Amino acid sequence: MGRILSALVALAIASAPAFVAGAYVVKPAADGTASAPAMTSTATTTSTISTTNAAAASTTTGNGAPSGSHFNLNIIGVPKDKTAAMTAGDGHRIFVQLNGGEDAASLNGKLASQLVKINKIFLQPAPAGESFQVLDANATDSNGALFQLPADVSTTWTVWARALGKPGGKSSTTTCATTAGADGIFGTADDEIICSLNTLTLQRTKGKSTFTNVSADLLFITVTVDPLTNAALATCLGVTTVTDVTVPLFNGCLQSYFWNYDNQGLKLLQLRFYPAG
């Protein structure tokens with residue numbers, strides 16, 4: 001009798017499904033393909049879901065901005081022009097006139113040599129190994145401000161903005177650059193200014209101010225390219241008919257990128273740069 005029971009137990013074990021520490025082994029394909037059996041671990045699945053939920057919950061903060069490390073830049077409107085030199089690494093701020101600047105539309109087609117640099121924040125690609133840095137914090141003087149950003153900032157970072165300070169102030173920020181002009185050579189007398197079709201306009205209202213993703217306005221420039229009037233730019237961008245084209249900051253078809261800051265009483269525009277993704 002004992003031998004009969006032992007044989008029955010062995011037969012039951014051999015015919016039961018195989019279980020491996022919380023995972024099940026899927027039956028190999030009927031065609032006999034020599035692939036490893038697929039396994040789904042309950043513990044691994046639970047961990048993945050928990051991680052995904054945690055990431056989703058921490059995507060934004062209470063002020064609308066993403067969570068995580070970032071570079072902070074404050075653009076501060078002041079009633080009186082600054083006179084001190086601010087070219088020795090002035091941290092995370094740039095001063096602009098509280099009421100000053102130009103409408104970006106008025107700059108289109110103007111010779112680069114005629115540009116008034118007050119309330120202009122010139123943008124410069126960072127050398128290898130460097131990142132964000134304010135190189136000249138004074139945009140209230142005749143030289144304008146100078147801000148350094150990673151050369152690939154448009155594809156590897158996002159920028160978020162909010163208006164702060166006394167309610168009622170407003171500012172308009174437009175990304176501009178210069179074209180090579182009719183001769184197709186940068187740095188000559190016929191270089192012209194071209195400004196983006198997109199403008200970031202923020203106004204300080206009462207109540208809580210939250211961040212908005214403004215990458216499309218500040219990290220890219222969208223321009224209308226006409227091969228008949230700007231042949232050099234059209235050739236560089238591969239445009240054959242009148243077309244609106246969007247290019248990232250520091251694209252080689254344009255030079256001397258800058259933010260045109262038209263301020264109408266906004267005391268503080270706060271920008272935060274976050275790694276993309």
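## Salt bridges, burial and pockets

The side chains of glutamate 102 and lysine 110 form a salt bridge, at 3.6 Å from N to O. The model is predicted.

User: Why is the pair of glutamate 102 and lysine 110 called a salt bridge?
Analyst: The cut-off is 4 Å between a Lys or Arg side-chain nitrogen and an Asp or Glu carboxyl oxygen. The N to O distance here is 3.6 Å. The pair therefore qualifies.

User: What makes lysine 120 and glutamate 102 a salt bridge?
Analyst: Their side chains meet at 2.9 Å, N to O. The limit is 4 Å, so the pair counts. Lysine 120 sits in strand β7 (residues 120-125), and glutamate 102 in the loop between β6 (99-100) and β7, so the pair ties together parts 18 residues apart in sequence.

User: Why are Glu102, Lys110 and Lys120 called one network?
Analyst: Salt bridges that share partners join them. Glutamate 102 pairs with lysine 110, and lysine 120 pairs with glutamate 102. A search of the whole structure finds 2 salt bridges.

User: How do you know whether glutamate 102 is buried or exposed?
Analyst: Its relative accessibility is 19%. Buried means under 20%, so glutamate 102 is buried.

User: Why is glutamine 270 called buried?
Analyst: Its relative accessible area is 10%. The cut-off is under 20%, so the label holds. Glutamine 270 belongs to strand β17 (residues 268-275). Beyond four places away in sequence, it touches residues including Trp160, Leu164 and Phe211.

User: What makes the pairing of glutamine 270 and arginine 162 a polar contact?
Analyst: Their side chains are joined at 2.9 Å. The limit for N or O atoms is 3.5 Å, so the distance passes. Glutamine 270 also has a side-chain polar contact of 3.4 Å with asparagine 74. That value is within 3.5 Å too, so it passes.

User: Which residues lie nearest the centre of the largest pocket?
Analyst: Asn108, Gly109, Ile193, Ile194 and Thr224, out of 14 lining residues. β12 gives the most to the lining, with 5 residues. The pocket volume is about 220 Å³.

User: How does the lining of the second largest pocket divide by class?
Analyst: It has 5 nonpolar, 5 polar and 2 charged residues. Lys117 and Asp191 are among the lining residues. Lys and Asp are classed as charged, so these residues belong to that class. Strand β16 (residues 255-264) gives the largest share, 3 residues.

Key:
Residues numbered from 1 in each chain as written. Predicted model: local features only at pLDDT ≥ 70, side-chain atom pairs only at ≥ 80, totals over all residues. Heavy atoms only, no water. Helix = DSSP H or I, 4+ residues; strand = E, 2+ residues; numbered from the N terminus. Buried < 20%, exposed > 50% of the residue type's maximum accessible area, 1.4 Å probe, protein only. Polar contact = N/O pair within 3.5 Å; in protein donor to acceptor, adjacent residues only side chain to side chain. Contact = heavy atoms within 4.5 Å. 1 Å grid on protein atoms, 1.4 Å probe; cavity = no way out; pocket = protein on both sides within 12 Å on 5 of 7 lines; lining within 4 Å. Points joined across faces, edges and corners; volume = space filled by probe spheres on them.
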